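Hi everyone, thanks for coming. Have a look at the picture with me, and we'll walk through it together.

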Amino acid sequence: MPSHPEWSEVVVRRATPADVDFTARTHRQHLPHGLFPLLGDAFMRRWHATYLDAPHGVALVAVRADSTGDHRLGFLVGAVDQVAHVDHVVRHHRLHLGAVGALSLLVRPRLALHFLRTRAPSYLRRLTGRPAPTGPTGPAASARPTHGDSGTGRDGRGDPVAVITAVVVTPDGRGAGVGAALVAGFVARARAAGTREAQLTTLAGTDGAGSFYEALGWRRGDVHPTRDGALMATYHLPIHPSEPVPAHGAEQTHQEGTPLREQQ
């Protein structure tokens, strides 16, 4: 990371509506996998905004200040209960998301055809509240979220699972522990919600971030293809309720020793 001696410490805080343009644009630029980023900036802004008011949603940004103001260095979006979060989004945001998504597909005919081939039935079931069919094309085939295949949403006992949907650190923020601080902030919120496991997926192989998550204690699980043909590796992190949750204003220190403060 470039040296910026005039910068203050990095702060991880909750995202606000003023951050959505940054998080959506940065997501599309640095993590363009899956359907949603291909639908354009308007859809991504609308989708990222759903994490701000959802009871199980988590949206965090990392910022660092200097004499010219605050600089956003990265973001994280996810949910402390993935199934409950998706249910909330479908119930409260499906009309707006559906309308913006449909308009995006109308002006992208090739993407629209790909959507019809790979996702249309499952999306229609989700939007209309119809149950999924049983058999090879039923729940097992559609368990993972279609926007990025980020996790199943339930563990082996059927308990809620926290799922990190996206983490992105900008080039200016890399090497300063920003990604680790964002993940730690998410895990702290999942622990406070009583969730016992977190999941995420990343591209398998050297194109993904598996080594980063393994260094943070995540365990690699299965590797599976997405509906777009990419190979994704699932990672799991047990969350132990006995571990303390960082208090308001508590400082976190990354591997190079720069203080990273979290704001609730």
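I'll talk about the strands, then the cores, then the salt bridges.

First, some ground rules: this is a predicted model, where local features need pLDDT of at least 70, side-chain atom pairs count only at pLDDT 80 or more, and totals for chains, interfaces and linings use all residues. Residues are numbered from 1 along each chain as its sequence is written, and side-chain values use heavy atoms, with hydrogens and water left out.

Let's start with strand β2, residues 57-66. Helices (H or I, at least four residues) and strands (E, at least two) are DSSP runs, numbered from the N terminus. In β2, 9 of the 10 residues are buried, so the strand is largely enclosed by the rest of the structure. Here buried means under 20% relative accessible area, exposed over 50%, and partly exposed in between, with a 1.4 Å probe and protein chains only.

What does β2 pair with? Strand β1 (residues 10-14) pairs with β2 in the antiparallel sense over 5 bridges, and arginine 14 stands opposite leucine 60. Strand β3 (residues 69-79) also pairs with β2 in the antiparallel sense, over 10 bridges, with valine 61 opposite phenylalanine 75. Pairing requires at least two DSSP bridges between the strands.

Now the inside. The largest nonpolar core has 28 residues, and those with the most contacts inside it include Leu76, Phe186 and Trp218. Such a core is a set of buried Ala, Val, Leu, Ile, Met, Phe, Trp, Tyr and Cys residues joined through side-chain atoms within 4.5 Å. Helix α7 gives the largest share of this core, 7 residues. Leaving aside neighbours within four places in sequence, phenylalanine 186 has contacts (heavy atoms within 4.5 Å) that include Val58, Leu60 and Leu76.

On to charges. How many salt bridges does a search of the whole structure find? There are 8, each a side-chain nitrogen of Lys or Arg within 4 Å of a carboxyl oxygen of Asp or Glu.

Arginine 28 and aspartate 41 form one, at 3.0 Å from N to O. That pair links helix α1 to helix α2, 13 residues apart.

Aspartate 228 is partly exposed at 37% relative accessible area, whereas arginine 119 is buried at 2%.

Finally, Arg13, Asp19 and Arg72 are linked in a network of salt bridges.
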